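Hi,

Here is the structure I said I would pass on. Have a look at it, and then read my notes below.

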Amino acid sequence: MKRQHIPTEQIGSIPRTAELIEAYQQYRDNKIDYDTLNQLAEEHTKQVLNDLADLGCSVVSDGEQRKFDGFAHYCLHNSPRFGSEGLIVDFSDGHRRVFAPHLKKAPFKYENTADEYLAFALKHTNLPVKQAVISPSMLSLVYPAKGIEGYCHQQFIEDLVAEHVAEVRRCLTLGAHKVQIDFTEARLSLKLDPSGGMLSAFVELINRCLSAFSAQERQRIGVHTCPGADIDATHSAEIDYKYLLPTLFKINAGNFYVALKGEREPRKVLRLIGQIISPEQRVFIGVTNPIDPIIEKPEEVCELIIAATEFIPIEQLGTTDDCGFSPFADDISTGREIAYQKIRARLEGTKMAEQQLFEKPCK
């Protein structure tokens, strides 16, 4: 069989060091200014880029070291338009997060954009850089149920779509290897609304944004779904994928990053994906679980990939991690070295699978 390649990419976040987490807290306590915090985060970003290259990653990310409020709120960071109240999400261990701080002052606009992080990363690595952006569906939840006087929901959605499309387009123009839309609220929506109406509305909104891009551009855009990964807990792992994935794969993107390693029945999920994936789509399956302290063995990763090829055409398959490592800025549950060991296992396991599929059996 002709030698082929199984692409492998990380989701995005790398655990912040204790130094950076402490600096973020000092900033919140008004003990240091934003420039001081940002300069430190830039140094950590450069370190992460170098570390990922040393691990052997062919595609890197900036580790989200400068997304100070986490993956979901980076674009709202430092904005006076938002309050501390909002949609609260419960995690499996009992802790809670504000997922969508409510908009207090119109109009809706981004305070920070992901292309700023991408531009910095591209200056400090020669490798392709993947850029994660928050989904427009997550941000749609910032509009308060009581509304905002003089600022109707329809106008809010128009502004939100414009902001998201512009952010993604700038990332593509800068040369992002992929732009990944973080859609963590997909599975959660079925917990909040078992009818599936919320999920369908979310997918419709994402597709509205994606309609602004050509078919070729959408091949460089992906969507990530997971059951949440925060302080070794999830927010929606109990929701069966059979209720999510058929609707998720209706999104008009070229790539899907699907958490798999942490699932109770991965073969069942793989079979479902094989039944619904379209020829123009590629699925990156999660082969490491960021919230499990046990380090996966490369052989274990290899076996999962081989199992995936029973259901998914090899040319439509890639590998990733189930989620980002510590996607919220204050999460210290996973150390950076553990994250790197898991990434190394993914890289080595993917190579083993390539050898078994295209050259010689795993050893």
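The lining of the largest pocket takes at least two residues from each of helix H1 (18-28), S1 and S2. This pocket has a volume of about 590 Å³, and among its 19 lining residues Tyr24, Arg28, Asp69, His73 and Pro101 are the closest to its centre. By type, the lining splits into nine nonpolar, six polar and four charged residues (Ala, Val, Leu, Ile, Met, Phe, Trp, Tyr, Cys and Pro count as nonpolar, Asp, Glu, Lys and Arg as charged, and the others, Gly among them, as polar).

Before you go further: this is a predicted model, where local features need pLDDT of at least 70 and side-chain atom pairs count only at pLDDT 80 or more, while totals for chains, interfaces and linings use all residues. Residues are numbered from 1 along each chain as its sequence is written, and side-chain values use heavy atoms, with hydrogens and water left out.

For the pocket search, a 1 Å grid was laid over the protein atoms alone; a pocket is an open set of points where a 1.4 Å probe fits, with protein on both sides within 12 Å along at least five of seven lines, and lining residues have an atom within 4 Å of a point. Points are joined across faces, edges and corners, and the volume is the space filled by probe spheres set on them. Helices (H or I, at least four residues) and strands (E, at least two) are DSSP runs, numbered from the N terminus.

The second largest pocket holds about 390 Å³ of space. It is lined by 25 residues, of which Arg187, Ala237, Gly262, Glu263 and Arg264 are the closest to its centre. Helix H10 (residues 266-276) gives the most to that lining, with three residues, and the lining as a whole comprises 12 nonpolar, four polar and nine charged residues.

Now for strand S4 (residues 178-182): five of its five residues are buried, so the strand is largely enclosed by the rest of the structure (buried means under 20% relative accessible area, exposed over 50%, partly exposed in between, with a 1.4 Å probe and protein chains only). Lys178, Gln180 and Asp182 are buried on one side, and Val179 and Ile181 on the other. Strand S3 (residues 130-134) pairs with S4 in the parallel sense over five bridges (pairing takes at least two DSSP bridges), with alanine 132 opposite glutamine 180. S4 also runs parallel to strand S5 (residues 221-225), joined by four bridges, and there aspartate 182 has histidine 224 as its bridge partner.

What about the nonpolar core? The largest has 103 residues, and Phe108, Phe183, Leu245, Ile251 and Val283 touch the most other members (a core is a set of buried Ala, Val, Leu, Ile, Met, Phe, Trp, Tyr and Cys residues joined through side-chain atoms within 4.5 Å). Helix H5 (residues 153-174) gives the most to this core, with eight residues. Apart from it lies another core of eight residues, including Ala23, Tyr24, Leu37 and Ala329.

Beyond residues up to four places away in sequence, phenylalanine 91 touches Arg97, Phe99, Asp230, Ala233, Thr234 and His235 (contact means heavy atoms within 4.5 Å).

Cheers
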